[in-house]
There are 2 protein chains.
Amino acid sequence: MSDERHRSTPTRAELRVWRDYIETAEALRSRLAARLQSESGLSTGDYQVLLALSEAAGRTLRSSALAALIGWERSRLSHHLGRMERRGLLRRESCADEPHGVDVILTESGADAFRAGSVPHLRAVKELFIDALDDSALAGVAVATAALRERLDLPSGARPPLPEA
Amino acid sequence: MSDERHRSTPTRAELRVWRDYIETAEALRSRLAARLQSESGLSTGDYQVLLALSEAAGRTLRSSALAALIGWERSRLSHHLGRMERRGLLRRESCADEPHGVDVILTESGADAFRAGSVPHLRAVKELFIDALDDSALAGVAVATAALRERLDLPSGARPPLPEA
DNA sequence: GCGTCTGGATTGACGTGTCAATTCCTTGCC
DNA sequence: GGCAAGGAATTGACACGTCAATCCAGACGC
C-alpha cells in the first residue's frame, strides 16, 4: 500500500487523462472555429453574440443583458461589439429609458450572416462531437461534466432556451 | 417514431451536452491559466515551452523539434519565444550543425520559474479536475476522450514521457 | 447647488493566435 | 559559376482577451 490516494499532485495516469481531455477540447474548439470561419466568415464569438440577438425581442439587447446572457466580461464585449459594428453586423445606440444603457441591435446583414452560419455550424457539432460518441459515452460526458461544473461553481442544467453553440 | 436519429443537426438534449462540455473545458482552462499566472507569472504557453525544455537533453531543443513536441505552428512558436526571450526565460542561438536550425536554450531563470510553477500547477489540476471526478467518471472521460480523438485524428495514448499540463 | 459615490460602458496597453508574406541559407540542376 | 527550389525561421497585420484605468450620468448627503 502506498499513499497514492493522498498525494497532492496527480499520478501519471491521471495526468494522461487530464492532458488528453484538455487537448481534445481545445482541438474541437479550434476545428469548429476554423470551419465556422471559412464557411460563413464568423468567429465563435460573433456567433454567440448573433445567436443571443437573434432570439431577443426586437433583435435588441441592452449591452449589460447581453454580457450576462453569454457570460462575457464587459470589456471583452465592448471590444467585440466594436469590431462587429465596424463590419455592419449590428449597431449600438444609447437607450432612452435606462441611465447609461446601450442598446445593441442586430442589423439585417447580421441576421443574414447568422442564418447562413447556423445550420452548417450545428452540423459540424454533430459530426465532430455527437456522432463520435455512442449513447453511453455521451452519458458519461454528461455525468463527468456535471461533476466538474459543480466543482467550478458553474450553473448546471436548466438555463435559457437554446439552440446553441 | 420520428427521424430523430437521422437528422443532421443535434437535438436539444445533445446540444445541451455539447454546450456544457465545451463551456466547462473552457472554464477549466481559464481557471488554471489564471492560477498559474498569479502564482508564478507564467502563461500556460510559457509552461508548455518550459516543460519541454526542462526535460530536453542539455535543456536545449531545436526550434522545429520544440514545435513538433508541443504541437504548435511555427509562427506561433516564434512569436512566443520572442516574448519569452525578452523576459529572460530562455535564449536562442543559431546552431552550427543544422542549416537554418535555431537552438532554444533554457536559462537558469527560466528553469527557476518552471520549478516554482510546476507543483502548484499540478496541485491545481488535481483539485479542479481529478478530485472532482470519482473513478467511474474519470474512466468515462477517458473513454469519451478516446472516441473524440479518434474522430479528430489526434494521436491517442502512448506519447512521450510526462508530467504535463 | 456642490461634491462624492456608484454603476454602465469604453479605452489603452499588452499578451496571445493565425494567416500570409518574407528572409535566408542550402541543395541540386544546368 | 549561376539560379531556381525548398525548408527553417521570422515578420507584419490583424483578431481576440484581460487587466487596469477612465469617462460619464444619475443618486445621495449636506
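1. Which residues does A:Thr145 touch, leaving out those up to four places away in sequence? The partners are B:Asp20, B:Tyr21 and B:Thr24. This is a predicted model, and every point below should be read that way. A:Thr145 sits in helix H6 of chain A, residues 135-151. A:Thr145 is buried, because 26 other C-beta atoms lie within 10 Å and the threshold for buried is 20 or more. A:Thr145 and A:Glu93 are 52 residues apart in sequence, and their C-alpha atoms are 39 Å apart in space.

2. Next, the contact between the two chains. On chain B, 46 residues are in contact with 46 residues of chain A. Three elements of chain B each give two or more residues to this side: H1, helix H5 (108-128) and helix H6 (135-151). H1(B) supplies the largest share, 16 residues. By class, this side of chain B has 29 nonpolar, five polar and twelve charged residues.

3. The symmetry is plain. Chain B can be laid on chain A by a turn of 180° and a shift of 0.0 Å along the axis, with an RMSD of 0.0 Å. The two copies are therefore related as by a two-fold rotation axis. Of the residues of chain B, B:Gly140 comes closest to that axis, with its C-alpha at 2.5 Å. The interface agrees: 100% of the interface residues of chain B are also interface residues in chain A, so the copies meet through the same surface.

4. Now the DNA, starting with strand C. It has 26 residues around it, and A:Ser64, A:Ser75, B:Ser43, B:Ser75 and B:Pro99 come nearest. Both chains take part. Helix H1 (12-40), helix H3 (63-70) and H4 of chain A each give two or more residues to this surface, as do helix H2 (44-55) and H4 of chain B. H4(A) gives the largest share, six residues. The surface near DNA strand C divides into four nonpolar, 15 polar and seven charged residues.

5. DNA strand D is surrounded by 26 residues. The closest are A:Ser43, A:Ser75, B:Ser64, B:Ser75 and B:His100. H4(B) gives the most, with six residues. The class count for this surface is four nonpolar, 15 polar and seven charged.

6. The largest nonpolar core has 69 residues. Those with the most contacts inside this core are A:Leu50, A:Leu53, B:Leu50 and B:Leu53. Take A:Leu53 as a case. Apart from neighbours within four places in sequence, A:Leu53 is in contact with A:Arg59, A:Leu61, A:Leu90, A:Val104 and A:Leu106.

7. Last, the strands of chain B. Strand E1 (residues 60-62) and strand E3 (residues 102-106) run antiparallel, joined by three bridges. Here B:Leu61 has B:Val104 as its bridge partner in E3(B). Strand E2 (residues 90-94) also runs antiparallel to E3(B), with five bridges between them. In that pair, B:Leu90 stands opposite B:Leu106. A general point for viewing these strands: in a regular strand, side chains alternate between the two faces of the sheet.

Conventions. Residues are numbered from 1 along each chain as its sequence is written. Chains are lettered from A and ligands numbered from 1 in the order in which they are written. This is a predicted model: local features need pLDDT of at least 70, side-chain atom pairs count only at pLDDT 80 or more; totals for chains, interfaces and linings use all residues. A residue is near a molecule or strand if its C-beta atom, placed from the backbone, lies within 6 Å of it. Helices (H or I, at least four residues) and strands (E, at least two) are DSSP runs, numbered from the N terminus. Ala, Val, Leu, Ile, Met, Phe, Trp, Tyr, Cys and Pro count as nonpolar, Asp, Glu, Lys and Arg as charged, and the others, Gly among them, as polar. Two residues are in contact if their C-beta atoms, placed from the backbone, lie within 7 Å. A residue is buried if 20 or more other C-beta atoms lie within 10 Å of its own, exposed if 12 or fewer, and partly exposed in between; C-beta atoms are placed from the backbone. A nonpolar core is a set of buried Ala, Val, Leu, Ile, Met, Phe, Trp, Tyr and Cys residues joined through C-beta atoms within 7 Å. Two strands pair if DSSP finds at least two bridges between them. Copies are superposed by least squares on the C-alpha atoms of residues with pLDDT of at least 70 in both.
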